[in-house]
Amino acid sequence: GFPLVLAHGFAGTAQSWAPQIPALSAHHRLILYDARGHWRSESPKDPRAYSQEIAAADLGALLARLKVKRAIVGGLSMGGVVAMTFYLKYPERVRALILADTGPGFRNPEAREGWNRSRGEVARLLEQDGIRGFADSPHAALDYYTPREIMLQLDPTGLAHTNRGILTFHDSSLIDQLPTIAVPTLIIVGANDTDFVQAAAYMQRKISGSELVV
């Protein structure tokens, strides 16, 4: 079937999509991968090796290696940010988007500062207490889609750099470009995912012809 690539969320892995594999692979060439800094992929020690643009370039390199010229691109949480960034960088390579429990950042500077501060706190926890300290913290409760035995194999340095480089928003550029998205877009959000319900509704208003499913 037509290629469908899915990017996982923070502290997730390709294995996070296990419940969806049977249904989605029945109709698509399903492509799943571990993002840089996560599980079986490399975790560069240089913090400059992590950014939203680099994460999108990684996805582009993966698809090029697989000789996939165009795909449906989806992502959960952090993966949604990667999917949006990938589209804005390579629009001709995206047939459609799936954005699940994610958001484009913050226009309000105070909200952005609060979010970035929380990302910094998680990064420091990982650096000070390691992956076991993170796994035992309330922060890991959000990553229920990663089995504990896999989470304990993750590199705390890679996860710390991911927080500062990929999950931190420095401006509202991603928000400003939402109206330029011109492919069919499915936006999915859990009704109890209070961090992203409003963001999902906002994206649906800004992306012409998009569909929102709660």
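Analyst: Start at the lining. Thirteen residues, written 13 in the count, line the largest cavity, and Y33, A35, R36, A55 and V82 lie nearest its centre. This is a predicted model. The space in the largest cavity comes to about 110 Å³. The structure holds one cavity of 30 Å³ or more. How is such a space found? Rolling a probe the size of a water molecule over the atoms shows where empty space is left.

α2 and α3 each supply at least two residues of it. α3 gives the most to the lining of the largest cavity, with three residues.

Follow those helices to another part. α2 (52-65) and α3 (78-89) are among the elements that cover the buried residues of α6, and α4 (109-135) is another. Helix α6 spans residues 156-165 and is mostly covered, with seven of its 10 residues buried. Those buried residues are G158, L159, A160, H161, T162, N163 and G165. At the start of α6, a side-chain oxygen of D155 comes to within 2.8 Å of the backbone nitrogen of T157.

Now the sheet. It is open, and its six strands follow the order β2-β1-β3-β4-β5-β6 with parallel pairing. β2 (29-32) and β6 (211-213) are the edge strands, each pairing on one side only. On average, neighbouring strands of this sheet are turned by 20 degrees against each other, direction ignored.

Take the pairs in turn. β1 (residues 3-7) and β3 (residues 71-76) run parallel and are joined by four bridges. There, V5 has V73 of β3 as its bridge partner. Four bridges also join β4 to β5, again parallel.

Helix α8 (residues 197-206) lies across β4 (94-100), β5 (185-188) and β6. Against β6, α8 runs at about 160 degrees.

Methods
Residues are numbered from 1 along each chain as its sequence is written. This is a predicted model: local features need pLDDT of at least 70, side-chain atom pairs count only at pLDDT 80 or more; totals for chains, interfaces and linings use all residues. Side-chain values use heavy atoms; hydrogens and water are left out. Two strands pair if DSSP finds at least two bridges between them. Axes are lines fitted to C-alpha atoms, for helices over the stretch in contact, and angles run from 0 to 180 degrees between N-to-C directions. Contact means heavy atoms within 4.5 Å. Buried means under 20% relative accessible area, exposed over 50%, partly exposed in between (1.4 Å probe, protein chains only). A polar contact is a pair of N or O atoms within 3.5 Å; within protein, one must be able to donate a hydrogen and the other to accept it, and residues adjacent in sequence count only if both atoms are side-chain atoms. On a 1 Å grid over the protein atoms alone, a cavity is a set of points where a 1.4 Å probe fits but cannot get out, and a pocket is an open set with protein on both sides within 12 Å along at least five of seven lines; lining residues have an atom within 4 Å of a point. Grid points are joined across faces, edges and corners, and a volume is the space filled by probe spheres set on the points.
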